[in-house]
Amino acid sequence: MLGCLNLQRKPPSKRGPPVLQKRGNVSDWQVKDGEEEIVKRDEDGGKEAKTVIRFVKAVDRVEAVREAFRHAWKGYKAFAWGHDELKPISKTHGEWFGLGLTLIDALDTMWILGLKDEFAEARKWVETELSFSKNVDVNLFESTIRILGGLLSTYHLTGDTLFLDKAKDIGFRLMPAFKTPSKIPYSDVNIGKGTAHPPRWTTDSTVAEVTSIQLEFRELSRLTQDPQYQNAVEEVTRQVHRLEGKRDGLVPMFINTNSGKFTRRGAFTLGARADSYYEYLLKQWLQGGKKETELLEDYLQAIEGVRKNLLRQTSPSKLTFVGELSNGHLNPKMDHLVCFLPGTLALGAHNGLPADHMDLALQLMETCHQMYAQMETGLSPEIAHFNLQSSNGRDIDVKPADRHNLLRPETVESLFYMYRFTKDSKYRDWGWDILQSFNKYTRVPSGGYTSIGNVRDPVNPAPRDKMESFFLGETLKYLFLLFSDDSELISLDKYIFNTEAHPLPIWPSTS
């Protein structure tokens with residue numbers, strides 16, 4: 001297969017038969033793999049012979065992602081420039097924090113994809129328009145992973161101190177969230193007033209939100225030589241590490257900001273409200289050079305807890321899935337969010353953790369693939385229910401309220417890891433199928449992609465008129481990295497990805 005097409009490089013003059021080299025323009029994303037007759041000259045320069053060869057357009061796949069990004073960016077630029085989210089069907093924008101969320105989330109994606117013109121426009125907006133001195137409540141977790149993470153990542157990739165300066169600004173403004181009786185941060189902070197509070201309806205924060213901000217704040221301390229950021233988030237980690245109320249390393253979904261203790265409500269899940277707690281245990285251990293053994297112990301214990309309490313197989317196909325434990329009973333329900341797990345397990349195995357982690361990753365990757373392949377649109381629902389005793393011959397059922405697809409990245413994220421570590425081309429093929437389904441059912445002609453309401457209805461998938469920032473920040477980035485043949489492009493031995501797909505460096509070892 002061809003390597004990914006570098007925008008700055010001329011294509012090599014001799015590399016494989018001519019049909020393997022990229023042809024035509026960027027609309028080649030519509031061309032499928034197939035067979036083609038080519039004319040090939042004998043080595044001695046003699047007569048030409050016709051040969052039918054099988055070809056797989058590696059370059060076309062890479063270029064297809066660039067084309068998809070450009071199409072999404074076209075809509076954002078036309079109808080939502082400087083705003084948080086594009087509403088591609090009504091050709092307007094939605095606001096969450098009023099901080100240009102999609103633009104910031106997409107910065108490092110543009111850099112990685114080599115889209116220099118688009119990046120330059122976005123950089124200018126960051127320099128001249130982005131201000132955090134606003135009387136606005138933001139969610140600590142979402143702002144940390146998307147804005148702080150995006151700015152830190154872009155600084156590392158480009159070396160441009162504009163992004164570090166902006167990262168310092170937002171990081172400092174988020175710190176009031178940690179002024180709580182327990183040091184467990186509030187969920188919301190007003191970045192203009194310097195005040196913070198829990199959600200309006202509860203004094204709880206979700207466990208995922210308070211334990212998935214560590215990579216970013218630790219890195220901010222390392223870059224600024226100011227320990228306050230690292231101290232604040234590591235105090236949270238220490239408290240959660242020793243809290244009672246876990247089950248075989250699995251954590252409840254909520255934690256009280258006054259008492260600092262788990263709230264005994266909700267399920268044990270690897271889906272929403274708990275998912276990235278597990279991801280960040282492993283990734284902090286990797287970020288810090290594999291020195292913080294408590295993080296590793298908690299991660300290993302949690303994976304054993306998953307095996308003991310949450311793993312089941314479907315009928316009839318014996319798909320392995322991760323259910324949820326509620327009041328001692330297993331609910332055979334799995335969020336699409338859980339599809340981060342195969343990639344995380346594979347990353348751990350790559351770094352010397354037990355080989356059976358990779359075995360589990362392979363099984364779960366197949367299940368996440370089936371969550372796409374068994375749907376009429378080829379796109380996964382937000383939540384799947386699995387049959388333990390199938391009466392209808394189906395492994396997967398989807399309830400009407402769960403049939404939406406938000407352009408989420410978790411499955412293609414895991415496909416990227418699985419391909420990097422196994423080089424099995426089926427993972428690329430599965431990712432290609434997903435991209436084609438996005439193009440078929442979610443692409444809006446005037447620019448942008450939209451989340452849809454019903455993955456079971458290819459005739460009317462019920463577009464929801466919203467393009468989440470993570471489609472550009474994560475989904476297309478992971479697809480690009482999946483299709484690229486440059487394994488040094490964001491090397492997994494040099495970078496870890498935060499939970500919004502922003503690569504941060506693994507810290508250099510100190511003697």
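Student: Where is Thr499 placed?
Tutor: In this predicted model, Thr499 is in the loop between β18 (495–497) and β19 (503–505).

Student: Is Thr499 buried or exposed?
Tutor: Thr499 is buried, because its relative accessible area is 17% and the cut-off for buried is under 20%.

Student: What is Thr499 in contact with, leaving aside neighbours within four places in sequence?
Tutor: Phe141, Ile145, Ser276, Glu279, Tyr280 and Glu474. With Glu279 there is a polar contact between the two side chains, at 2.9 Å.

Student: Which UniProt annotation covers Thr499?
Tutor: The unreviewed UniProt entry annotates Thr499 as "binding site".

Student: Switching topic. Which residues does the "active site" annotation cover?
Tutor: According to the unreviewed UniProt entry, they are Glu142, Asp275, Glu382 and Glu410. The lining of the largest pocket includes Glu142, Asp275, Glu382 and Glu410.

Student: Take Asp275. Which helix does Asp275 lie in?
Tutor: Asp275 lies in helix α9, residues 275–287.

Student: And is Asp275 buried or exposed?
Tutor: Buried, with a relative accessible area of 13%. Not counting residues up to four places away in sequence, Asp275 touches Ala208, Leu270, Leu337 and Phe340.

Student: Now Glu410. Which helix is that in?
Tutor: Glu410 is in helix α13, which covers residues 410–422. Glu410 is buried, with a relative accessible area of 8%.

Student: What is Glu410 in contact with, again leaving aside neighbours within four places in sequence?
Tutor: His336, Leu337, Cys339 and Phe340. Leu337 and Phe340 are also among the residues that Asp275 touches.

Methods
Residues numbered from 1 in each chain as written. Predicted model: local features only at pLDDT ≥ 70, side-chain atom pairs only at ≥ 80, totals over all residues. Heavy atoms only, no water. UniProt positions renumbered as here; feature names shortened; annotations may be inferred. Helix = DSSP H or I, 4+ residues; strand = E, 2+ residues; numbered from the N terminus. Buried < 20%, exposed > 50% of the residue type's maximum accessible area, 1.4 Å probe, protein only. Contact = heavy atoms within 4.5 Å. Polar contact = N/O pair within 3.5 Å; in protein donor to acceptor, adjacent residues only side chain to side chain. 1 Å grid on protein atoms, 1.4 Å probe; cavity = no way out; pocket = protein on both sides within 12 Å on 5 of 7 lines; lining within 4 Å.
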